[in-house]
Amino acid sequence: MATLITGGSGALGTELKKKFKDPIAPTHKELEIADKKAVDEFFKKNDIDIVIHAGALTGIRPCEENKQLAWDTNVGGTRNLVEASISSKRPVQFIYVSTACVFDGHSGMYKESSIPYPENFYALTKLLGEHEVNKLPEYLIIRTNFVAKKKWPYPKAFTDRFGTYLFADGVAEGISDVQKANLHGFVHIVGDKKMSIFELAKMTTSDVQPMTIKEYNGPKLTMDMSLDTERWKKYHISDP
Ligand SMILES: NC(=O)c1ccc[n+]([C@@H]2O[C@H](COP(=O)([O-])OP(=O)(O)OC[C@H]3O[C@@H](n4cnc5c(N)ncnc54)[C@H](OP(=O)(O)O)[C@@H]3O)[C@@H](O)[C@H]2O)c1
C-alpha cells in the first residue's frame, strides 16, 4: 500500500507523515502539483494506492494577491492529481483536505450538507478543488480547521472569529481514522468545542494579546468557521 501525501512539509502534512506507514511525501521541489506532466510521470513511477492531498497555497493574503498562482495550485493542482488517479491502473483512494472556510461564516456550526459560499479567493479555490475531486467515482473530502501545535506566530489573536479547532496532530488522527473506516463523500473532522481564535492561541501562548476584526485591514475573512458533523465523531482538542 503506497500512500502519497502532498504538502508533506506543511503544518498538517508533517503530522500526516507520522500517521501513515512509509508514505511517499515529495517536497514541493520534488513534485510541482500544478505541472500536469510532472504529476502524470510521478504516478507512472510510483504505485500509488492512497492520495492524501494536503498541498495548497494556504495564505488568505497570498491567494488574494496572486490569484493565478492560487488558481494553478489549488484548482489546477487538484485537477492534475484527480486526472492522474483516474488514469492510474490501480484503484486509488483519494482524500482531499478542504477547509471550513468554504462556508460564509455568518452563522457557524456548518454540517456536511450545508451550502458553501466562500468569502475570499483562497476559500473559492478550495471549493473549486472540491468540485475537481467530485469528478472521481469515489472520493473523500475532509473539511476541517486547525493550527500547528506551537507558539502562536503573531502578537495578537481574534476574539471575534470562531472555530471548532483542532491541532494539526488531531486532524491527522481524524484523517487516519476515516481513511481506515473507508468513508466516502464529505466528512467534517472537528473539535468538540467552539472557541475563538484568541482562546485557541492562549492554549499554546499565554502572553498572546486579544484583538477584534475592527483592528484588521486585509482581504475578507470567514468569521465563524465552526463545523458540526452528522457523519463522524468529534475530537477533543488535546492539551499542548
Ligand atoms: N491551516 C489551516 O487553518 C487549514 C484549515 C483548513 C484546511 N486547511 C487545508 O489543509 C491543507 C494543509 O494546510 P497547512 O496549514 O498544513 O498548509 P501549509 O502549512 O501552508 O503547507 C502547505 C504545503 O503545500 C505545499 N505546496 C504549496 N504549493 C505547492 C505546489 N504548487 N506543489 C506542491 N506542493 C505545494 C507546501 O510546500 P512549500 O512550503 O515548499 O511550498 C507545503 O508543504 C491545505 O490543503 C489547506 O487548504 C488548512
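This is a predicted model: local features need pLDDT of at least 70, side-chain atom pairs count only at pLDDT 80 or more; totals for chains, interfaces and linings use all residues.
Helices and strands are taken here as DSSP runs, with helices of at least four residues and strands of at least two, numbered from the N terminus. On this basis, the place of Pro-91 is the loop between H4 and S3. Pro-91 and Ile-50 are 41 residues apart in sequence, yet their C-alpha atoms are 8.6 Å apart in space.

The overall fold was considered next. The protein chain contains seven helices and eleven strands. Its C-alpha trace spans about 50 × 35 × 30 Å along the principal axes. For 240 residues, a compact globule would have a radius of gyration near 18 Å, and the 17 Å of the protein chain agrees with this. Of the 240 residues, 44% count as buried. Among contacts in the protein chain with a separation of 6 or more, 78% are accounted for by residues 24 or more positions apart.

The surroundings of the ligand form a further part of the description. The ligand is surrounded by 27 residues, of which the closest are Gly-7, Gly-10, Leu-12, His-28 and Ala-56. By class, this shell consists of ten nonpolar, 15 polar and two charged residues. Helix H1 (11-19), helix H4 (67-87) and strand S3 (93-99) each supply at least two residues of the shell. The most is given by H1, with three residues.

Helix H4, which contributes at least two residues to the ligand shell, also packs against helix H2 (residues 36-45). The two helices meet at an angle of about 35 degrees, and their axes are 9 Å apart. The crossing of H2 and H4 is right-handed. On the side of H2, the contact is made by Lys-36, Val-39, Asp-40 and Phe-43, whereas H4 provides Asn-80, Leu-81 and Ala-84. By class, four nonpolar, one polar and two charged residues take part in the contact of H2 with H4.

Asp-22 is found in the loop between H1 and H2. The phi of Asp-22 is near 40 degrees, a positive value in a residue other than glycine. Asp-22 has 9 other C-beta atoms within 10 Å and is therefore exposed. Met-109 is placed in the loop between S3 and helix H5 (121-133). Although Met-109 is not a glycine, it has a positive phi of about 50 degrees. In the case of Met-109, 15 other C-beta atoms lie within 10 Å, so this residue is partly exposed.

Thr-204 and Ala-148 are 56 residues apart in sequence and 9.9 Å apart in space, from C-alpha to C-alpha. Thr-204 counts as partly exposed because it has 16 C-beta neighbours inside 10 Å, a count between the limit of 12 or fewer for an exposed residue and that of 20 or more for a buried one.

How values were computed: Residues are numbered from 1 along each chain as its sequence is written. A residue is near a molecule or strand if its C-beta atom, placed from the backbone, lies within 6 Å of it. Ala, Val, Leu, Ile, Met, Phe, Trp, Tyr, Cys and Pro count as nonpolar, Asp, Glu, Lys and Arg as charged, and the others, Gly among them, as polar. The radius of gyration is taken over C-alpha atoms; the globule rule is 2.2 Å times the number of residues to the power 0.38. Two residues are in contact if their C-beta atoms, placed from the backbone, lie within 7 Å. Axes are lines fitted to C-alpha atoms, for helices over the stretch in contact, and angles run from 0 to 180 degrees between N-to-C directions. A crossing is left-handed if the near helix is turned anticlockwise from the far one by less than a right angle, and right-handed if clockwise.
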